[in-house]
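This report describes how a ligand sits in a protein chain. The sequence and structure come first.

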Amino acid sequence: MKLNGENLKISIQKKGRLSQGSQELFKAAGLDFESSDGRLFSRCSNYPMDALYLRDDDIPEYVQDGVTDLGIVGLNVVEEKGNQVAKLDYLGFGTCELCIAVPKASGLTSAFDLSGKRIATSYPRITGAYLEKRGIDARVIEISGSVEITPSLDVADAICDIVSTGSTLRLHELMPIEVVLKSEAVLIANQESLRNPRKVALIERLRARILSHLEAKKTKYVMMNAPESALEQIRGILPGMKSPTIVPLAEEGMIAVHTAVPEDVFWDVIEALKAAGATDLLVVPVEKMVV
Ligand code: PRT
Ligand code: ZN
C-alpha cells in the first residue's frame, strides 16, 4: 500500500504518551483507521485521510516540509523545534509543564538565583529564550535524556524538564521553582496546505468534528424536577447558558428542566439549583456538541 496523493495526511506519535490520545481523538471524530500495529502508516476507511506514525520529535519537521498536512504533537516539541507550522487547536491531552527545578537543599528559590549557574535540559532553545528574556545569565547544558540525575552527578545546578505528576522530581530530591511552558497536544498544519482550498475544506470538516468532541467533554447535560414557582430562580442560575427545555410533569405545579452545564462551573450550578428547590437531578455526559 502507498500513501494516496489526494488524501489528507496527518502524522501522529507512533508509540508514546500521545499515541493513545491521538487515536482516541480520531475515534471521537468518527474516523476508522486500519490497525496501526507495526506500520509506518494506515488509511482511514471513511474519510480521505492517511495517518503516518512517527517519533514525536520528527512531526513538526514533516509538517513544515509538507510530507503531511497535519500533525498531532506536544506544544513543547513544536516550540523547541521552531519549525514554521500553523498551530490550529489545543487538544486537551498530553498536558504537562516544562519547569525549572533545583535540588531541595540548594537554597535556590527563583530563576533569578540561577545567574552563573548550569542548567541541564533537553529543551535548550526554549530554556535559552526564557533565560534571555529575563536577563538571567546561566549556562544551558544540552542533555538528551535522564536530565533529572544531572544535579546529583554535579553536571548541573538546576534542570529544565517536563513535569506531569512531579514524582520524578520528588524521587530525585528536586523541586520546581519556575514554570517555563504549559504544554498539551496541539494540532499543527503545513502552511501551504492552508492555502489549498480542497485541503482546507477537508481540514475544516475534521476540525469541526474534533471541536464538537472537545466542547462536549467540557459539558454535562443536567435534568431535574422542580416546582413551577422556582423556574425564574433556576433560570437566573443558568444565565450564560442557552434557554433550558421546560417540560410539564403529571404532578400539578411541577416541571422538568433540561439544560447543558459547563464542567468548570458544574458543582456551583448544581448546589445553587438544589438550593432553589430542584430535586431528582440526573447528570449525563454529552457525546458531541454541534453548534
Ligand atoms: O519515541 P518518541 O520520541 O516518539 O517519544 P518520547 O519518548 O520523546 O516522548 P514521550 O512519549 O515520553 O512524550 C510525548 C509527549 O508527551 C511530550 O513531548 C509531552 O508533550 C507529553 N508529556 C506529558 C510528557 C509527560 N507528560 C511526561 N511526564 N512527556 C514526558 N514526560 C516525562 C518527563 O520527561 C519526565 O522524565 O515524564 C517524566 C516526568 O513525569 P512525572 O509524572 O514524574 O512528573
Ligand atoms: Zn521524542
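A polar contact is a pair of N or O atoms within 3.5 Å; within protein, one must be able to donate a hydrogen and the other to accept it, and residues adjacent in sequence count only if both atoms are side-chain atoms. The model is predicted, local features need pLDDT of at least 70, side-chain atom pairs count only at pLDDT 80 or more, and totals for chains, interfaces and linings use all residues. Side-chain values use heavy atoms, with hydrogens and water left out, residues are numbered from 1 along each chain as its sequence is written, and chains are lettered from A and ligands numbered from 1 in the order in which they are written.

| Residue | Protein atom | Ligand 1 atom | Distance |
|---|---|---|---|
| Threonine 165 | polar side-chain atom | oxygen | 2.5 Å |
| Arginine 17 | backbone N or O | oxygen | 2.8 Å |
| Aspartate 56 | polar backbone atom | oxygen | 2.9 Å |

Ligand 1 alone exposes 840 Å², of which the protein buries 78% (accessible areas by the Shrake-Rupley method with a 1.4 Å probe; for residues, only the protein chains shown count as cover).

The shell around ligand 1 holds 22 residues, the closest being Arg55, Asn76, Thr165, Gly166 and Thr168 (a heavy atom within 4 Å). Two or more shell residues come from each of α3 (75-81), β9 (158-163) and α5 (167-171), and β9 gives the largest share, 3 residues (DSSP runs numbered from the N terminus: helices H or I, at least four residues; strands E, at least two).

The chain is divided into domain 1 (8-93 + 185-216), domain 2 (96-183) and domain 3 (219-285), with bounds from an automatic or database domain assignment. Ligand 1 lies between domain 1 and domain 2, because both give residues to its shell. The C-alpha centres of domain 2 and domain 3 are 48 Å apart.
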